[in-house]
Amino acid sequence: MKIDFFKYQGTGNDFIILDNRKKRIPEENRSLFARLCNRHFGIGADGIILIKNDSSRDFYMKYYNSDGTESTMCGNGGRCAIAFSKQLGITKENKIYFRAIDGDHCGIIQDNGLISLNIIDIEINMIKIYPKYVFLNTGSPHHVLFVDHIKEIDVYKQGRKIRFHKSYSSQGGVNVNFVEKSGNNTLQVRTYERGVENETLSCGTGITASVIAAYETGKISPDKETNVLISTLGGKLWVSFEKKHNRYQKIYLTGSVQFVFEGWIHI
């Protein structure tokens with residue numbers, strides 16, 4: 001069978017997006033998705049996104065890691081899905097509503113072309129602060145470490161060790177973020193992503209987790225009008241939020257999205 005695919009990237013985090021509203025693509029074929037993501041024998045990507053029909057929202061986003069496993073929420077993937085849904089003509093509006101595995105999301109296509117994604121609310125009592133790291137879930141689980149000299153960190157070696165630590169085995173492992181404060185309300189972030197099993201150029205939920213962890217531990221102090229700037233290997237992103245009633249809410253991840261190419265492949 002021949003299927004059409006579309007390649008998008010958000011700050012270097014790249015995805016194969018498939019329109020599965022007609023249910024032609026076998027969703028449980030793990031080996032197929034792993035093959036499509038393979039950078040030597042397939043199309044190549046950090047993950048697969050399926051766009052599906054949804055009875056109450058503009059669409060449903062289903063996400064798979066590059067190893068073919070269905071995964072939790074992907075922030076940059078969500079921003080790419082928003083851009084793709086506009087290309088498909090699912091909606092003519094610049095405010096788009098969709099569902100994913102972690103619930104409802106709102107996406108905004110800004111006048112300057114940047115795309116913002118609303119991340120789920122985070123209860124303060126669910127943020128676990130330890131002497132050497134912070135753990136929280138921003139749609140995906142994240143282990144956040146604050147470091148010096150982030151460019152010298154061996155993200156693969158150190159990240160992999162934490163990702164497979166026995167304390168995270170019950171939840172399928174964890175994503176690992178190395179964070180350095182580089183200015184007033186400015187962070188640098190590098191992330192080891194589970195499912196990709198390597199460092200990626202950018203991780204949307206990891207960046208969001210890093211900002212919340214930095215704020216909760218007093219390392220940054222943006223006001224309500226301030227977006228926190230994050231530098232990644234793939235480019236710049238911004239995170240904004242409100243802390244109110246013992247929760248972080250109105251969390252938005254904002255950055256660029258680029259359509260890379262489209263094609264077809266036999267499966």
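To begin with, is C80 buried or exposed?

Reply: C80 is buried, with a relative accessible area of 0%; buried means under 20% relative accessible area, exposed over 50% and partly exposed in between, with a 1.4 Å probe and protein chains only. This is a predicted model, in which local features need pLDDT of at least 70 and side-chain atom pairs count only at pLDDT 80 or more, while totals for chains, interfaces and linings use all residues. Residues are numbered from 1 along each chain as its sequence is written, and side-chain values use heavy atoms, with hydrogens and water left out.

The cysteines may be taken next. The structure holds 0 disulfides, a disulfide being a pair of cysteine sulfur atoms within 2.5 Å. For C80, the closest cysteine sulfur is that of C74, and the 7.8 Å between them is too far for a bond. C74 is itself buried, at 6% relative accessibility, and its sulfur has its closest cysteine sulfur in C203, at 6.7 Å, again too far for a bond.

M61 and L136 have the most contacts inside the largest nonpolar core, which has 48 residues. Such a core is a set of buried Ala, Val, Leu, Ile, Met, Phe, Trp, Tyr and Cys residues joined through side-chain atoms within 4.5 Å. Helix 4 (residues 204-216) gives this core its largest share, 6 residues; helices are DSSP runs of H or I with at least four residues, strands are runs of E with at least two, and both are numbered from the N terminus. Another core, of 15 residues, lies apart from it and includes I3, I16, F33 and Y64.

M61 and C74 both line the second largest cavity, which has a volume of about 60 Å³. A cavity is a set of points, on a 1 Å grid over the protein atoms alone, where a 1.4 Å probe fits but cannot get out, and lining residues have an atom within 4 Å of a point. Grid points are joined across faces, edges and corners, and a volume is the space filled by probe spheres set on the points. Strand 4 gives the most to this lining, with 4 residues.

Terms used: On a 1 Å grid over the protein atoms alone, a cavity is a set of points where a 1.4 Å probe fits but cannot get out, and a pocket is an open set with protein on both sides within 12 Å along at least five of seven lines; lining residues have an atom within 4 Å of a point.
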